[in-house]
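Reader: I have a protein open in my viewer and would like to understand how its features were named. Could you take me through it?

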Amino acid sequence: TSLHAALWLVIAIATVPALLLAFFDYQQNRRDALHNITDDAQTMLTMARSSEQAAVREVQQLLRVMAGANEMQSADPAACNMLAQRLIKSSSDISNMGAVTPDGLVFCSARPIPGVVDVVDRQWFKDALISPEFAPGQFLIGRISGLAGITFSYTLRHPDGTPKTLFFAASQPAWLDQLVENFNLREGWEATLMTRSGQIISRYPNPENWRLHQVSPQMLKIFQAAFEQPGF
């Protein structure tokens, strides 16, 4: 019995330090991996914000050009439609653009208008009424195009500050997918672009299989907690 005990003691003396070293190496490697993942995530977020800002500037420029065009002096729907059609040809990221009266009726569109289209209930329209010029975009399904995208707006005002005409431009779904694809993710990684309410805008891979899905309440809480982190 004493021989067996001595043998196990020798084995323990020989293996425990190795096991401890392996454990500490694992812990250090895990910390390094988590640190690298965090750095990669921050880099991807910075790239996404930069791409988003560049795209928004392009949309704003298109809306400003449309609002200042000669065709808009008379607010003729036919002339406005032709103008919108010419402008969206200059950008592959735009699915539709047009103009709205201050009471919410769309009177101009690059795509054919299917009867009366009222957008008074849309958040982008409500924001446009109170914004000095450009309003924040809203992710939605277009009532004219039927496509998912972000609708941006620009308000042209009378000298007294009241709204004269509201212009809108809606992004292509592919523009949202490109933002995620530009992350150049490592093999096996996934990325999801969603609204703050948890509605999926795009996902890599297979964005079309996930668009408009709602994430679980548990997952949404995780993301909301991340939004509250300093520097997010």
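This is a predicted model: local features need pLDDT of at least 70, side-chain atom pairs count only at pLDDT 80 or more; totals for chains, interfaces and linings use all residues.

Reader: Why is the pair C80 and C108 called a disulfide?

Author: A disulfide is a pair of cysteine sulfur atoms within 2.5 Å. The sulfur atoms of C80 and C108 are 2.0 Å apart, so the pair qualifies. The whole structure holds 1 disulfide.

Reader: What makes the link of C80 and C108 a tie between separate parts?

Author: C80 belongs to helix α2 (residues 77-88) and C108 to strand β2 (residues 106-109), so the bond joins parts that are 28 residues apart in sequence. Helices (H or I, at least four residues) and strands (E, at least two) are DSSP runs, numbered from the N terminus. The link is left-handed, with -90° about the S-S bond.

Reader: How do you know whether C80 is buried or exposed?

Author: Buried means under 20% relative accessible area, exposed over 50%, and partly exposed in between (1.4 Å probe, protein chains only). C80 has 0%, so it is buried. C108, also at 0%, counts as buried.

Reader: Which residues does M66 touch?

Author: M66, in helix α1, is buried at 0% relative accessibility. Leaving out residues up to four places away in sequence, its contacts (heavy atoms within 4.5 Å) include C80, C108, A84 and F167. M66 and A84 lie 7.3 Å apart, C-alpha to C-alpha, and 18 residues apart in sequence.

Reader: What makes a space a cavity?

Author: On a 1 Å grid over the protein atoms alone, a cavity is a set of points where a 1.4 Å probe fits but cannot get out; lining residues have an atom within 4 Å of a point. The search finds 2 cavities of 30 Å³ or more. The largest has about 190 Å³ of space and 19 lining residues, with G142, R143, I144, T151 and F168 nearest its centre.

Reader: Which residues line the second largest cavity?

Author: The second largest cavity, with a volume of about 50 Å³, is lined by A55, E58, V59, S91, D93, I94, F152, S171 and W175. Helix α1 (residues 2-68) gives the most to this lining, with 3 residues.

Key
Residues are numbered from 1 along each chain as its sequence is written. Side-chain values use heavy atoms; hydrogens and water are left out. On a 1 Å grid over the protein atoms alone, a cavity is a set of points where a 1.4 Å probe fits but cannot get out, and a pocket is an open set with protein on both sides within 12 Å along at least five of seven lines; lining residues have an atom within 4 Å of a point. Grid points are joined across faces, edges and corners, and a volume is the space filled by probe spheres set on the points.
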